[in-house]
Amino acid sequence: MHSGKTLRLRCIFCLTLTSVKLERKKGEGRCDHCSKPVLLDRPIKIVQDDFNETVVNSEIPVLVDFYADWCGPCKMVNPIIDDIAGRKEGELVVIKIDADTAHELMEDMKVTSVPTLLLFKGGEEISRSVGLEPEKIKEMVEHAIT
Ligand SMILES: [Zn+2]
């Protein structure tokens, strides 16, 4: 699935919103501003202000994990989404949002607990998992990219 698609992400080095090309070899994503690497084979943390640009406007499906550092089940979600991000690089991107810093966004999205995972495709939420639901998360991902 390589058709010149890009993903808008805030570079962790220069903090510019950059367009990362998805059409490339794995592990070769670069910021178009500072040329530092942008790694898409693992979950990427964003802030709520970048949600529209990165998630809603994405050209590929996005799995969004609302988590909190104090939440035990959230930590159990981590290996599941790490694995998905690695296996689906270029087809789907995994985004993490710290729930403690995203109250407005969560209110908009009607997210009331963590962990909650939303699957966005074409700017719309197409499925959601609440709590620790490993099988459901995998199903959501497979459904989104087929
Ligand atoms: Zn940069």
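Residues are numbered from 1 along each chain as its sequence is written. In this predicted model, local features need pLDDT of at least 70 and side-chain atom pairs count only at pLDDT 80 or more, while totals for chains, interfaces and linings use all residues.

Trainee: At what angle do the axes of helix H2 and helix H4 cross?
Mentor: Helices are DSSP runs (H or I, at least four residues), numbered from the N terminus. H2 covers residues 72-87 and H4 covers residues 134-144. Axes are lines fitted to C-alpha atoms, for helices over the stretch in contact, and angles run from 0 to 180 degrees between N-to-C directions. The two axes come within 11 Å and cross at roughly 20 degrees.

Trainee: Is H2 roughly parallel or roughly antiparallel to H4?
Mentor: Angles under 35 degrees count as roughly parallel, over 145 as roughly antiparallel, 65 to 115 as roughly perpendicular and the rest as oblique. The axes cross at roughly 20 degrees. Therefore H2 is roughly parallel to H4.

Trainee: Which residue does a cis peptide bond join to Val114?
Mentor: Omega is about -5 degrees at this bond. The partner is Pro115.

Trainee: What is the phi of Ser35?
Mentor: Ser35 sits in the loop between strand E2 (17-21) and E3. Ser35 is not a glycine, yet its phi is positive, at about 70 degrees.

Definitions and conventions: Heavy atoms only, no water. Helix = DSSP H or I, 4+ residues; strand = E, 2+ residues; numbered from the N terminus.
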